[in-house]
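Please work through the following exercises with the sequence and the structure at hand. Each task is followed by a solution in steps.

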Amino acid sequence: MATPNGLARIETHGKKKHENGVCHDDSATPVRAQTIDELHSLQRKRSAPTTPIKDGAATPFAAALSEEERHRQQLQSISASLASLTRETGPKVVKGDPARKGEAAAKGAPATPQKHHQHHHPAAPTIAVSDSSLKFTHVLYNLSPAELYEQAIKYEKGSFITSTGALATLSGAKTGRSPRDKRVVKDEAAAQELWWGKGSPNIEMDEHTFLTNRERAVDYLNSLDKVFVNDQFLNWDPENRIKVRIISARAYHSLFMHNMCIRPTDEELESFGTPDFTIYNAGQFPCNRYTHYMTSSTSVDINLARREMVILGTQYAGEMKKGLFGVMHYLMPKRGILSLHSGCNMGKDGDVALFFGLSGTGKTTLSTDHNRLLIGDDEHCWSDNGVSNIEGGCYAKCIDLSQEKEPDIWNAIKFGTVLENVVFDEHTREVDYTDKSVTENTRAAYPIEYIPNAKIPCVGPHPKNVILLACDAFGVLPPVSKLNLAQTMYHFISGYTALVAGTEDGIKEPQATFSACFGAAFIMLHPTKYAAMLAEKMQKYGATGWLVNTGWSGGRYGVGKRIRLPYTRKIIDAIHSGELLTANYKKTDVFGLEIPTDIDGVPSEILDPINTWTDKAAYKETLLRLAGLFKKNFEVFASYKIGDDSSLTDEILAAGPNF
């Protein structure tokens, strides 16, 4: 039927089909919504477990009961984690964002609070009822990156999406770790087991002070309408993984830990249970500076007996990552597992290499090899099962980042990645990685699967090579040396590199830097204990130690030249291939290092550093100066005895410079 203007009338009833049966009518049943809020609610499909119900034969009714019981136990566990020590019960917790009305109630009733009697201080008052018991604490549990983006952008000032899809955010006044504000409870066990005193990163506090700070953090978190809870794992070795719970007030912190820890499957979350270690991140709230041991409004406290960590007065996310690394440095050796601050990659034939090195030594550059699989970039365990990455992500420096120099990191900065303290264009949201306006310590945190050649799961066989990297700005260490076990222990404990000092009257001098085990800020036990474990595993599994200098040749900084990166890569390739195991060697003076006389693709004259110095007397003088710095640094370790006698300690000392 035609309309008065001659056009065909539009059919509004039924479906008009073409002769071939294809429907051209896109009409559909009207949406079941009376308001825009109801319409939005239809966008979100309620999540359901994707893993099968255990034992397989459950009816739908039984499955629902099982899910309800699991949900109740999960909320009870979170309530217990948030329990105050001076009140009888933990908070009433319920899942869901309080901003979404009715959603929390739909997801389940609040947990039945459990009493929490552990570790009460004798003088602590007992308060049966408080205002906090009159409110719910809403738990945003293991949110996805997309959900965390929404929370950050909506509620956290300074959160933006960059042009590549990363979440740019600010860590507040602190843009780096606060090592002087980090404390460890020195109870009877810790007093015997941990490394204390000169050179140690462990600064003591007592149990009562820890509980005071814990109470302050928990009270702050419980005062909020909502908290973020992450239940995740550390260590890709399933036999030795650790369950961690992170309770925080910021979506930024939750997304950061989502990326940095190992992400559980739905099935693993169902059986997660009670965590092995818990972090209370109340970083927006300061500690009380009148509390004993406090030296500022920042306090990062670890209690190994309680398996808890408390953060007050700093929002820098790296405190959580490195705090957990310190805990692993304590827990793993108790199982006979060596924890290591190292990079790790694997060749196509299954040959694994560990890379140790301080900032500026080229650890990231040299361990990132497109011909090899990346097991991890920073934290690892070496057990009788082989090596395993502790983390589920990477925490890369971004200052002066470029696509040409670091294409893998550049391409990993996309949706899901956290960018800390970067500067970007207000309109285009393009990041300027050269801008240090906020801090030089700009960072990106992303899941390890964002790296194309990452090995998932992040485990591998026993290492064949242990590579210690040093950027020697004095210019006297050889480009590569083969180490015996005692020398490996000595240089591992020393953790040497040399930095270039700032300009003063136009003169730049190298500064020797030593960091025990290439990560002194994070170790818990005495460095010689880790070194002894390293030597034991190297001997047991046939690994070879190497010292590689990525620094200067032909003179110190300002006189000589830095060893060319292509030469260093050839050296690393020769280590991986086994070429250097069959090379001819000669021994150097003073340090007694075995150096190869020939490496394919590397000029033979640079392999012995004395050849590159025109002033031989200056070389000898500089060599002795560096040797003296090594000896002075090692004095703090020399008195420590390994085992029942001092033979092993003497062997390590003998492996150092002799002059």
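Two strands pair if DSSP finds at least two bridges between them; helices (H or I, at least four residues) and strands (E, at least two) are DSSP runs, numbered from the N terminus. This is a predicted model, in which local features need pLDDT of at least 70, side-chain atom pairs count only at pLDDT 80 or more, and totals for chains, interfaces and linings use all residues. Residues are numbered from 1 along each chain as its sequence is written, and side-chain values use heavy atoms, with hydrogens and water left out.

**Exercise 1.** Determine the bridge partner of S383 in β17.

*Solution.* Step 1: β16 (residues 379-383) and β17 (residues 386-389) are joined by four bridges in the antiparallel sense. Step 2: S383 has G386 as its partner.

**Exercise 2.** State the order of the strands in the open sheet of four strands.

*Solution.* Step 1: The order is β12-β16-β17-β23, with antiparallel pairing. Step 2: β12 (338-341) and β23 (459-460) are the edge strands, each pairing on one side only.

**Exercise 3.** Identify the residues that stand opposite V184 in β10 and in β6.

*Solution.* Step 1: β5 (residues 182-185) and β10 (residues 299-303) run parallel, joined by three bridges. Step 2: In β10, I302 stands opposite V184. Step 3: β5 also pairs with β6 (residues 204-205) in the parallel sense, over two bridges. Step 4: In β6, the bridge partner of V184 is E204.

Terms used. Buried means under 20% relative accessible area, exposed over 50%, partly exposed in between (1.4 Å probe, protein chains only).
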